[in-house]
Amino acid sequence: MDEVEMDVSIASEADQTKVIGRPIVHAMVDVYSRMIAAVSVSLENNSVLGFTNCLLNLGEDNKQLEFINYDVVSSSYMLRKMYVWNEEDIQFSINEQTTRQIIKMRGKIEDSAPTGFALLGYSGCGKSTSLKQLFDNIPQVIMHHPDPATNITQITYLVVSCMPNSNFATLYRQIGEAIDNALGYPEPVYELMITKKCRSLAEKQLKFCELIEKFSIGTIVLDEIQLINFNSNKENSYEGLLGIVNKTKIALSVVGTDEAYKKLFGMLRNARRAGEYINASAYTSDKEYFNFLLSMLLTWQWLDKPITKAQAQELSDTLYECTGGIINMLIWLYKWIMIEYLDNRSKGTIVIINEKFIKSVSKKHFGQLKGAIDMVNQAKVEEMEDEQILMLAESDKNKYEMPETNVENLAYESKMINIVIGKVHQIYTDVTSDDIARYVRQILAEDEYHRMKPTEVAKEVVAIITGSPTRKKRRPSSKAPASKNICDYISNT
């Protein structure tokens, strides 16, 4: 390991006239291959802290996310071109700062849209924490000074956390808020610009395109996409979001659950925009990694007689059963185990940390935890079933020369039929499975983007069996649309 001082000075973010020092690069190099194994950049010279950070970077499990995000941001900027206007009549004024030069980064229309990443996994598995670690080491705002009279503000990334039951109008308001936070504005500026001055959804989309070009925003990450209300949003809302990506070449990444991802990118032509898939909950199936996390937690104990490694191995199976291997659940359960132990000791009761005690603490403080873990385990089983269905669908495709695009539809249809047959047979045992399967196919033929849940499909099947009226179709509206669609704008520019 070695360190080197870079030949560059860093200015203060709060006051750019003040120099805070030169960055120190700590590197770990493999002696045999001469490969760089880990790197850390800080202001700590000849410090144990700098080398410690380098060692921590070596052991981090989010290297895949870091490399993918680097490619995402780089490809996004490579697909753009800078345009500069020097016009005396045009001025922009925000917070009493005025410039006569207009500088924008516009996407190259002839190039394809960039792709982001999809960080998907169970709730509580550490997706948001991984995002924080990723962007903690990346400057969000960079000020460029090509000449003394010109200031160019570049926002490298925006992270937008979706609100519960939110629609796309709320999403664009949050994007304006994220821009204000990145620039350090104490009062909302661009948030009000998007919400107050832009009434229709298309106007909000166009304003966001302008802000992307103005601040050279590299990538936007939508966090907690499972909170979006997919039932209240129309298809053109999703098309408009991807139209922004196509026009400005901003990279779009998503973080959330697999189910929400399938709803957001259910159409095949949209799925490629989400880029590379990262399974954030893959570690939950690694028992060896779970034991490593437990050993780290056992560093902090408040027991009269500390738990030994041999005892920890015995308790590992119980903790894994109660938490499903999810980091967040493991930490909270371990915390309450320690608190319950100290509480009992203060009352004069001596308890033993064993399987019975752990399960009692889990049941007391996490009544809903058992159901959540069952959902996680069920999801793992369904993933295995999906893989088997895809293998069967692939073999059927080869046998009958089925088009490639029908493989996933066949897997979805087979899975839905099996679930609905089980639900319907609980009520109508005399209806054959073949009839139910035929009814399901009829219903799914109208559900082009796979938005219906198994319970909704089962209700439709029951309605067909009983002859009850099904859902009424909306009459086409003769009213003219209130605003121009973003896709129309993009195609005309």
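**Helix α6 and what follows**

Author: Helix α6 covers residues 201-215, which is 15 residues, and spans 21 Å from its first C-alpha to its last, close to the 21 Å expected at 1.5 Å a residue. This is a predicted model, and every value here is computed from it. The buried residues of α6 are A202, K204, Q205, K207, F208, C209, L211, I212, E213 and F215. The list includes K204, K207 and E213, which count as charged, as well as F208, L211 and I212, which count as nonpolar.

After α6 comes S216, with a positive phi near 50 degrees. Most residues other than glycine have a negative phi. S216 is not a glycine, yet its phi is positive, at about 50 degrees. The residue lies in the loop that runs between α6 and β14 (219-223). Is S216 buried or exposed? S216 has a relative accessible area of 7%, and because the cut-off for buried is under 20%, S216 counts as buried. Not counting residues up to four places away in sequence, S216 touches Y77, R80, M105, Q154, I155 and L211.

K249 counts as buried, with a relative accessibility of 0%.

Elsewhere in the chain, M416 gives an example of a buried residue within a helix. M416 sits in helix α15 (residues 406-425) and counts as buried, at 4% relative accessibility. Leaving aside neighbours within four places in sequence, M416 is in contact with V440, L444, M452, K453, P454 and V457.

The axes of α10 (residues 287-297) and α12 (residues 327-346) come within 11 Å and cross at roughly 35 degrees. This crossing is right-handed. On the α10 side the contact is made by F290, L293 and L297, and on the α12 side by I327, L330, I331 and Y334. By class, the contact holds 7 nonpolar residues, with no polar and no charged ones.

Finally, the chain as a whole. Its secondary structure comes to 18 helices and 16 strands. The chain has 493 residues, of which 39% count as buried. Among contacts with a separation of 6 or more, 64% are between residues 24 or more positions apart. The accessible surface of the chain comes to about 29,300 Å², and carbon and sulfur atoms account for 54% of that area.

How values were computed: Residues are numbered from 1 along each chain as its sequence is written. This is a predicted model: local features need pLDDT of at least 70, side-chain atom pairs count only at pLDDT 80 or more; totals for chains, interfaces and linings use all residues. Side-chain values use heavy atoms; hydrogens and water are left out. Helices (H or I, at least four residues) and strands (E, at least two) are DSSP runs, numbered from the N terminus. The expected span of a helix is 1.5 Å times one less than its number of residues. Buried means under 20% relative accessible area, exposed over 50%, partly exposed in between (1.4 Å probe, protein chains only). Axes are lines fitted to C-alpha atoms, for helices over the stretch in contact, and angles run from 0 to 180 degrees between N-to-C directions. A crossing is left-handed if the near helix is turned anticlockwise from the far one by less than a right angle, and right-handed if clockwise. Contact means heavy atoms within 4.5 Å. Accessible areas come from the Shrake-Rupley method with a 1.4 Å probe; for residues, only the protein chains shown count as cover.
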